[in-house]
Every structure is written in structure tokens, then in C-alpha cells.
Amino acid sequence: MTSSAPEDEKPMQQTVMQPMAQEPAVKQPAVMASPKMLERDAAASPVPETESEVVFSLDDLSVSYGGNVAIEGVTFDVRAREITALIGPSGCGKSTLLRSLNRMNDLIVGAKVHGSLTYHGVDLYGPKVDPVEVRRRVGMVFQKPNPFPKSIFDNVAFGPKLLGKRRGLDDIVEAALTRAALWDEVKDKLKESAFTLSGGQQQRLCIARCIAVEPDVILMDEPCSALDPIATAKIEDLMEQLKREYTIVIVTHNMQQAARASDRTAFITTDVGDEGTRIGRLVEFDETSKLFTQPTDSRTEGYITGRFG
Ligand SMILES: Nc1ncnc2c1ncn2[C@@H]1O[C@H](COP(=O)(O)OP(=O)(O)OP(=O)(O)O)[C@@H](O)[C@H]1O
Ligand SMILES: [Mg+2]
């Protein structure tokens with residue numbers, strides 16, 4: 001399976017929030033995907049949750065840019081309502097891997113994904129899968145809070161409005177801000193610019209904006225790296241709340257954060273070839289408690305104890 005960036009894709013932020021032509025499905029604890037559901041305009045039909053259901057299954061996944069392999073041979077499963085952490089030294093391909101989970105690499109010209117990646121059993125890169133619908137179901141929060149230059153209310157209402165929601169926006173916005181643990185702090189100033197918020201509040205607003213379109217999965221790429229310890233602790237508490245309803249995959253450089261907040265951890269490192277080629281490879285994937293106390297690979301131990309990376 002190969003995917004390359006279509007020439008006519010729109011810029012990342014616009015595309016993330018692209019509409020389906022219908023209202024989003026009512027939030028269910030676990031939303032299974034069928035090939036049909038990921039097609040454009042497809043109807044969501046939630047099915048009952050299963051314990052530890054596999055959401056993403058990666059098998060020998062590789063991503064290259066313009067023919068240069070950035071990361072290869074990645075095999076692991078991401079399970080429902082767990083927090084999966086991706087750790088490893090700078091440049092090993094954590095963001096690249098994260099972006100492959102919601103087809104954001106499609107937006108990078110020259111990016112290609114090889115291997116197998118299924119989402120609820122559906123080939124995520126299958127010909128009938130609509131990347132826009134994928135990005136609604138699999139939302140993303142970035143390293144630097146990136147609210148739109150709009151009011152707090154309009155930031156959260158943005159996605160639902162694009163999805164065609166006209167009624168009930170007040171309730172949707174309140175519910176999303178409440179789930180993002182921000183409602184009490186902003187309920188009296190919803191019409192003020194999002195830029196009047198602190199960095200930590202802006203990041204929670206971005207999380208609210210993400211969950212307002214009822215995703216199934218939230219991807220977070222170093223969501224706390226621009227925040228102070230108190231704001232970081234709030235996001236970590238929030239992640240703990242959110243994982244009751246959502247599956248979370250987080251990239252972090254913060255070992256304590258990975259150890260504290262995640263259920264399973266993937267440690268990736270960079271192999272340097274004879275000719276200086278640098279390729280990211282998965283070294284170890286395990287339950288976080290095991291990986292941080294009894295890693296099976298000496299490279300994992302070296303990294304988590306700060307001896308390299
Ligand atoms: N848009 C791109 N075009 C070309 N190469 C890229 C692109 N993005 C990343 N790469 C390359 O892919 C490799 C992995 O980069 P990536 O950003 O995924 O690493 P990372 O683990 O997230 O690093 P960091 O911890 O510094 O954020 C690097 O060699 C990088 O140069
Ligand atoms: Mg990165």
C-alpha cells in the first residue's frame with residue numbers, strides 16, 4: 001500500500017476541519033469504522049464497545065519523504081481508550097509516525113506511506129477512504145497552541161459549523177469546553193479573542209476545538225512542550241479524563257510524562273547507516289509500566305535513563 005500527497009490538497013489547518021456534508025454522529029464510547037464509514041459523506045453507525053479493542057494496527061509501516069526513508073518497519077497496535085506514548089530522540093520520526101495515523105502526511109508533497117495501517121480493521125490508505133473524514137475521526141493537537149484568530153466560542157464552534165451544524169451550537173461549545181476542562185475559566189468571556197487566553201488555556205481550547213467534532217482518536221504532538229509545569233499538569237489530568245471516551249496517541253520528549261500518563265509506550269530510535277543515512281526504527285513497544293522498569297532492549301534503557309538521546 002502506497003500513498004502519495006495529492007497535488008490539490010489544501011493547507012493542513014483548513015483540511016483538518018473540512019466538513020462532511022452531514023452532521024457528525026452522536027458520540028459513542030467506541031466508534032468502529034467500516035470501509036463505508038470512512039468514505040466521503042458516509043453515515044456513522046456506532047457499534048457496542050469491546051474491551052481493549054484495537055483501533056490502529058500498524059504492520060511493517062514505513063514513511064519516506066522524496067525517496068528518503070524517515071521511519072521503517074513499525075509494528076504495533078493502538079488500543080481503544082488507552083494513552084499510547086511515542087518517545088525517542090529528535091528526528092527519529094515520531095511526528096512522521098503520528099501524522100500517518102490521520103493521513104496528514106498526505107499533505108506533504110513527496111511523502112509516501114508503505115506497509116499496512118488499519119483503523120478499526122479498515123485499510124486507512126485504501127482507495128475508497130476519504131482523508132477528510134479520517135481527519136475528523138482522528139483529530140490532532142499540535143506542539144504550539146494554534147487557536148484561530150477568532151473568539152473563544154467561534155474557535156470551538158468552527159468545526160461543527162463546517163459540518164453543517166446550525167442549531168444547538170451553544171450546547172456543543174459548552175460540552176466541548178467542559179470536556180476540555182476549560183469551561184469554568186472562559187464561560188463569562190466566550191466572545192473574547194482566543195488570544196486573550198494563557199498558553200495552557202489556549203492548548204485546552206485547541207483540545208476543545210478538536211473534540212467538538214466528536215472524534216474517536218486524539219493525536220497529540222508534544223502538547224505540553226510550550227507549557228509550564230502547572231499547565232502541563234492540567235493537560236495531563238485532562239488526558240486522564242479524556243481517555244475514558246477517546247483513544248489518545250501522544251508524542252512526548254518528557255520521560256516522566258510518558259511514564260505518568262500513558263498505558264503503552266513505543267520507543268523509537270534513529271539507526272545511522274554506513275553512508276550516514278538516518279532511519280527511525282521501533283526498538284520496543286510495551287506496557288508503559290514494563291517498558292520503564294524492565295526494558296528488554298539496552299537502547300531503551302539507555303534512553304529512559306538519559307544515557308543517550
Ligand atoms: N516535511 C518533511 N519533508 C522532508 N523530510 C521530513 C519532513 N518532515 C520530517 N522529515 C524528516 O523525517 C525525519 C523524522 O522527522 P520527524 O519530524 O518525524 O522527527 P521527530 O521524531 O518528530 O523529531 P522531533 O523530536 O525533533 O520533533 C527527519 O529526518 C526529518 O528531517
Ligand atoms: Mg516531532
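Q: Which residues of α4 meet which residues of α5?
A: This is a predicted model. In it, Phe153, Val156, Ala157 and Pro160 of α4 meet Leu169, Ile172, Val173, Ala176 and Leu177 of α5.

Q: And what classes of residue make up that contact of α4 with α5?
A: The contact of α4 with α5 has 9 nonpolar residues, with no polar and no charged ones.

Q: At what angle do the axes of those helices, α4 and α5, cross?
A: Helix α4 spans residues 152-162 and helix α5 spans residues 169-179. Their axes come within 9 Å and cross at roughly 110 degrees. The two helices are therefore roughly perpendicular to each other, since angles of 65 to 115 degrees are counted that way. The crossing of α4 past α5 is right-handed.

Q: Staying with α4, which of its residues are buried?
A: The buried residues of α4 are Ile152, Asn155, Val156, Ala157, Gly159 and Pro160. Val156, Ala157 and Pro160 are also among the α4 residues that meet α5.

Q: What covers the buried residues of α4?
A: The cover includes α5, together with α6 (183-186) and α7 (199-211).

Q: What follows α4?
A: Glycine 164 follows α4, and its phi is positive, near 95 degrees.

Q: Which residues other than glycine have a positive phi here?
A: Histidine 120 is one of them, with a positive phi of about 50 degrees. Glutamate 222 is another, with a positive phi of about 45 degrees. Most residues other than glycine have a negative phi.

Q: Where is histidine 120 found, and is it buried or exposed?
A: Histidine 120 is found in the loop between β5 (111-119) and β6 (122-123). It is buried, because 22 other C-beta atoms lie within 10 Å and 20 or more are enough for that label.

Q: And where does glutamate 222 lie?
A: Glutamate 222 lies in the loop between β8 (217-221) and α8 (229-242). This residue also counts as buried, with 21 C-beta neighbours inside 10 Å.

Q: Since α8 has come up, how do the axes of α7 and α8 cross?
A: The axes of α7 and α8 come within 9 Å and cross at roughly 20 degrees. These helices are therefore roughly parallel to each other, as angles under 35 degrees are counted so. The crossing of α7 past α8 is right-handed.

Q: Which residues make the contact between α7 and α8?
A: From α7 the contact uses Gly199, Gly200, Gln203, Arg204 and Ile207, and from α8 it uses Ala231, Lys234, Ile235 and Leu238. By class, the contact of α7 with α8 has 4 nonpolar, 3 polar and 2 charged residues.

Q: Changing topic, which residues are around ligand 1?
A: They are Tyr65, Ala70, Ser90, Gly91, Cys92, Gly93, Lys94, Ser95, Thr96, Ile108 and Arg278. By class, this shell has 4 nonpolar, 5 polar and 2 charged residues.

Q: Where does the largest share of that shell come from?
A: Helix α2 (residues 94-100) supplies the largest share of the shell around ligand 1, with 3 residues.

Q: Finally, how many helices and strands does the protein chain have?
A: The protein chain has 11 helices and 11 strands. Of its 309 residues, 44% count as buried. Among contacts in the chain with a separation of 6 or more, 72% join residues 24 or more positions apart.

Methods
Residues numbered from 1 in each chain as written. Chains lettered and ligands numbered in written order. Predicted model: local features only at pLDDT ≥ 70, side-chain atom pairs only at ≥ 80, totals over all residues. Near = placed C-beta within 6 Å. Helix = DSSP H or I, 4+ residues; strand = E, 2+ residues; numbered from the N terminus. Nonpolar A, V, L, I, M, F, W, Y, C, P; charged D, E, K, R; others polar. Axes fitted to C-alpha atoms, helices over the stretch in contact; angles between N-to-C directions. Parallel < 35°, antiparallel > 145°, perpendicular 65-115°, else oblique. Left-handed = near helix turned anticlockwise from the far one by under 90°. Contact = placed C-beta atoms within 7 Å. Buried ≥ 20, exposed ≤ 12 C-beta atoms within 10 Å, placed from the backbone.
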